Amino acid sequence: MDQKQDVVRLPSERLYMEELEALKKLDQDAKPAGWQLSPKAVLTFLIGGNVKGVAITPKYIGNKRLVEMAIATLLTDRALMLIGEPGTAKSWLSENLTAAIHGDSGKVIQGTAGTSEEHIRYSWNYAMLLAQGPSDQAIIKSPIFRAMETGGIARFEEISRCASEVQDAMISILSEKTISIPELGREVFAARGFSIIATANTRDRGVNEMSAALKRRFNIIVLPSPSDIDTEVEIVRKRVREISTSYELRASLPEEEAVRKVVTIFRELRSGMTLDGKEKVKGPSGVISTAEAISLLTGSMALAGSFGSGQISEEDIAAGLQGAIVKDEEKDRLVWKEYLENVMKKRGSTWRNLYFACSEMNN
C-alpha cells in the first residue's frame, strides 16, 4: 500500500517529497547555512510554478511579497511571527516554510494555558534522574532545544495563549540564542540556521497579552483574509481537493457554484455586508473563516459519500452551514434566520433550493 494512504495526515516534507527533491536537484542558487534550498527555491515551493517541466503546486495563495518577507526574516537572526484571523493559513505557511528550508516541520510547540517553561526549554526523565543524577541521557529536550542543537526551525503555534512566565522564557531564548542547563553546568548554543516561527490569532487574546518585549524579538507579518471572493474560492477548492484525497471520501468534489455560494455566505457574515454593498447583515458569535468553509465542504462530501448519491446536495451543504454558523443556539439561530429571510431568499431561483434546505434545518 502507498505510504501516503497509511496515515490521516502527512507532514508537508513527506506530502510534497517529490516536489522538494525536484527543487533540490534543479536549485543552482546559493543556499544559506543549514538550508536545503535557496531562498528563491523556497519561494517557488510556497507560491508554485514550473521549474524545467516540474510542476510545483502552490501551498500559499496570497500576497507574494508577504512570503518573500517571511523568507527574508529567516535569513537573519530574527524570529518570525505570523499573525492573522483564523483561517488565514498561518500554521500552513509556517509548516511549509519549515519543510522547504529544513525538511523537518515536526519540531512544534502548541501554545495553551498549560504550556510551561519546561515545554520550551527541557524537562527530565525522573526515573533516570533519580537513578543516576543529572545527565545528558536524562534530559528530555523541547522542540526548541532540538532546533537549537541542529540549526533547525522550531514552530510555536498560538504563542499568545501562553502565560507570562512562558513569554519571559522565550524572550531570553530569542535574545541570547542559548539555553542554560544549570544542573549540568553548561549552556546549549544555537547552531547557525536556528530560528523560531510563531503564530498568533488576532481573534484570541489568549491567557495574557504578548508583552512589548516579546514582540520586539520577532519580525511580525500580518496575514490578511483573502482580499476577494475569487481568491477565497480558489483557496477553498484547492484545500478541499487535497483533504478529500487524503481522507478518500467517496464523493465528487463540490462544483464551483456550490463553493462560491458557501464562500459568499461566509464573506457576507464575516464583513456584516452583502457583497454588493446594498444591505447590512448581522454576524454570528463565532469566527466564520476560510478554514471553516473548507471543513464544511469536506464534511458535506463525507455526508454525500456515506449517506447520499456521492454528489453533494443542497441538504448536505445546509447541514454544514447550520453547524458552522449556529454556535450559540439562541443568538446565532436568529442571526442565521434573519440572513436567510433578508438575503438568501431574495436571490432568486439559483439559491432557492439551498434556502429551503437551510430554513428547514434551522427550524
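Visitor: What share of the protein's contacts with a separation of 6 or more comes from residues 24 or more positions apart?

Guide: That share is 72%, where a contact means heavy atoms within 4.5 Å. This is a predicted model, where local features need pLDDT of at least 70 and side-chain atom pairs count only at pLDDT 80 or more, while totals for chains, interfaces and linings use all residues. Residues are numbered from 1 along each chain as its sequence is written, and side-chain values use heavy atoms, with hydrogens and water left out.

Visitor: How many helices and strands are in the protein?

Guide: You get 16 helices and 11 strands. The C-alpha trace spans about 75 × 50 × 40 Å along its principal axes.

Visitor: Why is F156 called buried?

Guide: Buried means under 20% relative accessible area, with exposed over 50% and partly exposed in between (1.4 Å probe, protein chains only). F156 comes in at 1%, so it counts as buried. This residue belongs to strand β7, and beyond its neighbours within four places in sequence it is in contact with residues including I109, I120, I144, V166, M170 and I197. Across the protein, 47% of the 363 residues count as buried.

Visitor: What makes β4 and β11 the edges of the open sheet?

Guide: The sheet has 5 strands in the order β4-β7-β10-β3-β11, with parallel pairing. β4 (108–110) and β11 (218–222) each have a single partner strand, so one side of each lacks a neighbour in the sheet. From one strand to the next, the twist averages 20°. β3 (residues 79–84) and β11 pair over 5 bridges in the parallel sense, and M81 has I220 as its bridge partner in β11.

Visitor: Which helices pack on β3?

Guide: α4 lies across β3 and β11, running at about 170° to β11. α5 packs on the sheet too, touching β3, β7 (153–157) and β10 (195–201).

Visitor: Why are α11 and α12 called oblique?

Guide: Axes are lines fitted to C-alpha atoms, for helices over the stretch in contact, with angles from 0 to 180 degrees between N-to-C directions. Under 35 degrees counts as roughly parallel, over 145 as roughly antiparallel, 65 to 115 as roughly perpendicular and the rest as oblique. α11 (residues 229–247) and α12 (residues 256–271) cross at roughly 120°, with axes coming within 9 Å, and are therefore oblique to each other. Residues in this contact include I229, V233 and R237 of α11 and V259, V263 and R267 of α12. They divide into 5 nonpolar, 1 polar and 7 charged (Ala, Val, Leu, Ile, Met, Phe, Trp, Tyr, Cys and Pro are nonpolar, Asp, Glu, Lys and Arg charged, the others, Gly among them, polar).

Visitor: And what makes α12 roughly parallel to α14?

Guide: α12 and α14 (residues 314–325) cross at roughly 20°, with axes coming within 12 Å. That angle makes α12 roughly parallel to α14. Among the residues that meet here are V262, I265 and L269 in α12 and I317, L321 and I325 in α14. This contact has 9 nonpolar, no polar and 2 charged residues.

Visitor: Which residues of α3 are buried?

Guide: In α3 (residues 39–47) they are A41, V42, L43, F45 and L46. They pack against α2 (17–26), β2 (54–56), α4 (64–73) and α5 (90–102). Just after α3, G48 takes a positive phi of about 90°.

How values were computed: Helix = DSSP H or I, 4+ residues; strand = E, 2+ residues; numbered from the N terminus. Pairing = 2+ DSSP bridges.
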